[in-house]
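The following note concerns aromatic contacts and the charges placed over rings. Please read the points beside the model.

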Amino acid sequence: MNASVKMDLRRRDFLACGAALGVPGLLGVARHSRAADPPPETSRVRLVHAPFACFGPMYLAEEFFRAEGITDWEYLQLGSRNGGINAIAEGRADITMWDACSPIPMIDAGKPVVVLAGIHGGCWELFGNGDVHAIRDLKGKAPVVHFLGGGDHVLLSSMLAHVGIDPDKDIRWITGGGTDAKDVFANGKADAFIGFAQEPAEVRARNVGRVILNTAQDRPWSQYFCCVVIANRDFVARNPVATKRVLRSILKASDICATDPERVARFMVDMRYETRYPIGLEVMKKTSYTRWRTDNPEDTLRFHALRLRDVGMLKSSPQQIIAKGTDWRFLDEIRRELKA
């Protein structure tokens, strides 16, 4: 089967859902914005189908795509947890939502990944087992992550560095190794687990461990983005108008996630992106979907890059990461258009 599977969306059903969400009014804004732009260089875009409930804006954006002249979109199915960002780096996918931390080492390594915007904050929660009650308690312990270099590993490394723990020397990392990392934690084989999107709700449902850090509430982590929009640098260079239109669609959909989380959670169930309504609703309600309007995504990359460089995980300085791996021009234009 082709790895990139065209989503069979029924336009009539989507419009019915979109009407309830208030999409038609925003579609008028989309058409007005579109009129000010040249035609898109391409009507086709390849995204990543990622099973993360907090990526609701990317899926809800589909009807905006049509209004923006993006009429042909498809999703690359993940072959592994890191398959999405690798697909962006390799040019097999064009643009997608992703966690904010895993692009940083990719940019440091010279991969053609570019961050276009921050979307929201609050996805991550850190759980501890046994005598782990705070990040400092992890020195000499064994946290589990899905794989080294992934968003969970990079973010937790930044957290450890922030409290003076060397993530290379002072931590015994465990990886899922083909098993879901939260199962390793739930079975008592790891001292900590950092969960993303719906994973914290799934861990709580199993009544294991305790939350020792919540990025929706605990500073300084609550000040920074947990999810961003990333793209392949070559795609952006060839298709700047199409890139802006896709990003604008995602940002408008993010506003809807903030204003009507119940209906968006139901949309996610109806479209089978997250079939468990209570979990989808929890994710929608705890996630700060309007942060793209007010916060500076550059601050997030600078904060984490500084800590990762301090512990030897990066060769590039924070400013070099920002210079090599970001492009804020589309975000700046969209904020002016939407009076963000």
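1. Arg266 is positioned over the face of Tyr277, 4.5 Å from the ring centre. A charge is taken to sit over a ring if NZ of Lys or CZ of Arg is within 6 Å of the ring centre and within 35 degrees of the ring normal. For Arg307, the charged end sits over the ring of Phe303, at 3.8 Å from its centre.

2. The model is predicted: local features need pLDDT of at least 70, side-chain atom pairs count only at pLDDT 80 or more, and totals for chains, interfaces and linings use all residues. Residues are numbered from 1 along each chain as its sequence is written, and side-chain values use heavy atoms, with hydrogens and water left out.

3. There are 14 aromatic pairs in the structure. Rings of Phe, Tyr and Trp (its six-membered ring) pair if their centres lie within 6.5 Å; planes under 30 degrees apart count as stacked, over 60 as edge-to-face and the rest as tilted.

4. Phe127 and Phe185 make a tilted pair, with 6.4 Å centre to centre and 55 degrees between the planes. Because Phe127 lies in strand β6 (residues 125–128) and Phe185 in helix α8 (residues 181–186), the pair ties together parts that are 58 residues apart in sequence. Helices (H or I, at least four residues) and strands (E, at least two) are DSSP runs, numbered from the N terminus.

5. Phe127 is buried at a relative accessible area of 1%, and Phe185 is likewise buried at 1%. Buried means under 20% relative accessible area, exposed over 50%, and partly exposed in between (1.4 Å probe, protein chains only).

6. One aromatic cluster is formed by Phe52, Phe55, Trp98, Trp124 and Phe196.
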